[in-house]
Amino acid sequence: MTVLVPSQPLTESEVAAIKRDFPILQQEVDGQPLAYLDSGATAERPRQVLDAERRFLEQDNAAVHRGAHTLAGRSTDAYEDARATLAGFVGAASPAEVVWTANATDAINLVAYGIANASRGRGGAAAERFRIGPGDEVLVTEAEHHANLVPWQELAALTGATLRWVPVADDGTWTAEDATSLITDRTRVVAFAHVSNVTGMVAPVAEVVAAAHEHGALVVLDACQSAPHRALDVRQLGVDFAAFSGHKMLGPNGIGVLWGRSELLDALPPFRTGGSMITTVTMESSDFMPAPERFEAGTQPVSQAVALAEAVRYLQGIGMERVRAHEEHLAQRMLDGLAAVPGIRVVGPPAGVPRSGLVSFDVDGVHAHDVSQYLDAQGIAVRSGHHCAQPLHRRLGLVATSRASTYVYTTEEDVDRFLAAVGEVRGYFGAAS
Amino acid sequence: MSALDSLYQQVILDHAKARHGDTVLADPDASHFERNPTCGDEITVSVRLEPGSDRIAAIGWQGDGCSISMASASVLTDMAVGRTVPELLELTEAFRVMMRSRGAGEPDEDVLEDLVAFHGVSKFVMRVKCGMLAWVAAEAAVREATA
């Protein structure tokens, strides 16, 4: 029997050593050391990742899966090794279950438009399982990032299916019961974020998956805010597809991952077609490769894949359980600190309920942009706006919130400076009186 | 003056709180809605002209946004009323030129009056659209009212 011991947060000296790996974090902004608390939007990259991409481009770069020369061989190997690294990182059954995409948005569109194409008869008998139409339902939640909402709106519009959503509570969260009560035999797709980019809520994946599969629905997981920050095992979670972006996990822009069960990926019709994804092409029609190649038309982002694999190795070197413990510790420090500041409303799960290492909040009487600007003048970078979740903010009764998000390089000092600055905001803008 | 204080001049902070014109305007000749999709700031500016004239009798607006965008709408209300439509369009253009200046030059206080307080905003590229939001809406509203 395995006894699970909760992982320890990173020590101060461990975080300091990690932070030294990030050249961009060694700078000052307006004469103050940079406290980068916007990793939920995009993470910074360690020297190791930058070096890996440069080394590949200086030594091995060539087009992959074509050509017979030495560099073509090396770059193809590096590209496929990277795929295997990512497959291991998320617990895929095989590297073929990992499809490279431009980012998570692209990955979710790949699934949505694949289903749309299947619904128009593309993909033949194998794709029949994906066909949806009038009377069928696609279920999302009111808390979704636009990337996991708009593609499903489009799918519904293209197929005549109905888009439904799980309503959220006043704090922006939803429960397993909220979701499962809406899953019926009409439900064909259930799509939701593993971890909310606004509330930090961790979704009850197991319960939703169980209900969805009982009714024959596919589960699409937006793992953008989970894959970078906690151990992710897609097969243990039981989902059918999962999407995430490289740039949020210490890797480059322009690379993301769609993981899918191989039997589903092999049957889903592609929505981008062209070179490198075909077997036989005649003037009339073409046959497609199996996954993952069938979804990877055109020249691929090879150096980005190589660098993303290096980012994964960097994270694995720390250990994903420790990454999670570190960020949860910092989030708790932020929540405790914000609770002591008058006029702050934190959105998301109540105290004691697990949440990820990000905190979104409203400052009474001060707009989020002004909060963010005030913090920026002290070298503290936070996100302000609707965080690509307009429906959620509308439900919360807010136009915008400020969000502080942590990562492996975030120090307690970063958090404490953030808290001190937030404590001054209402006074500066005359909102405290 | 710190960079932050040059952005948030007292005139701006005062207008952001006092918010002149932040009301529903009765019997408007035209209204126009503008949104900044990147940040979610939004405003509807309504205008009423003096009967048989292109002189602005009243401005009313409703919006939700940061202190820069709300203060800018408040200053707009103070400055637009009593001007003719061509005069407001000319002022809007002068304001736009200043907001695109990236902090360069000295704004003409005789022309821009309280709007010179926004000169500091022009150095913050991410906030220029906040400053212009109400004015862009007003520009469209007065054009429609005189069309």
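Q: What share of the 147 residues in chain B is buried?
A: This is a predicted model. In it, 41% of the 147 residues in chain B are buried.

Q: And how many helices and strands does chain B have?
A: Chain B has 6 helices and 3 strands.

Q: In what order do the elements run?
A: Starting at the N terminus, the order in chain B is α-α-β-β-β-α-α-α-α.

Q: What does the C-alpha trace of chain B span along its principal axes?
A: The span is about 45 × 30 × 25 Å.

Q: What about contacts inside chain B: how much comes from residues 24 or more positions apart?
A: Among contacts in chain B with a separation of 6 or more, such residues account for 62%.

Q: Changing topic, how many residues of chain B are in contact with chain A?
A: On chain B there are 13 such residues, and they are in contact with 14 residues of chain A.

Q: Which helices of chain B each supply at least two residues of that side?
A: They are helix 1 (3–7) and helix 2 (10–18) of chain B.

Q: Which helix gives the most?
A: Helix 1 of chain B does, with 3 residues on the side that touches chain A.

Q: What is that side like by class?
A: The side of chain B that touches chain A has 7 nonpolar residues, 4 polar residues and 2 charged residues.

Definitions and conventions:
Residues are numbered from 1 along each chain as its sequence is written. Chains are lettered from A and ligands numbered from 1 in the order in which they are written. This is a predicted model: local features need pLDDT of at least 70, side-chain atom pairs count only at pLDDT 80 or more; totals for chains, interfaces and linings use all residues. Two residues are in contact if their C-beta atoms, placed from the backbone, lie within 7 Å. Helices (H or I, at least four residues) and strands (E, at least two) are DSSP runs, numbered from the N terminus. Ala, Val, Leu, Ile, Met, Phe, Trp, Tyr, Cys and Pro count as nonpolar, Asp, Glu, Lys and Arg as charged, and the others, Gly among them, as polar. A residue is buried if 20 or more other C-beta atoms lie within 10 Å of its own, exposed if 12 or fewer, and partly exposed in between; C-beta atoms are placed from the backbone.
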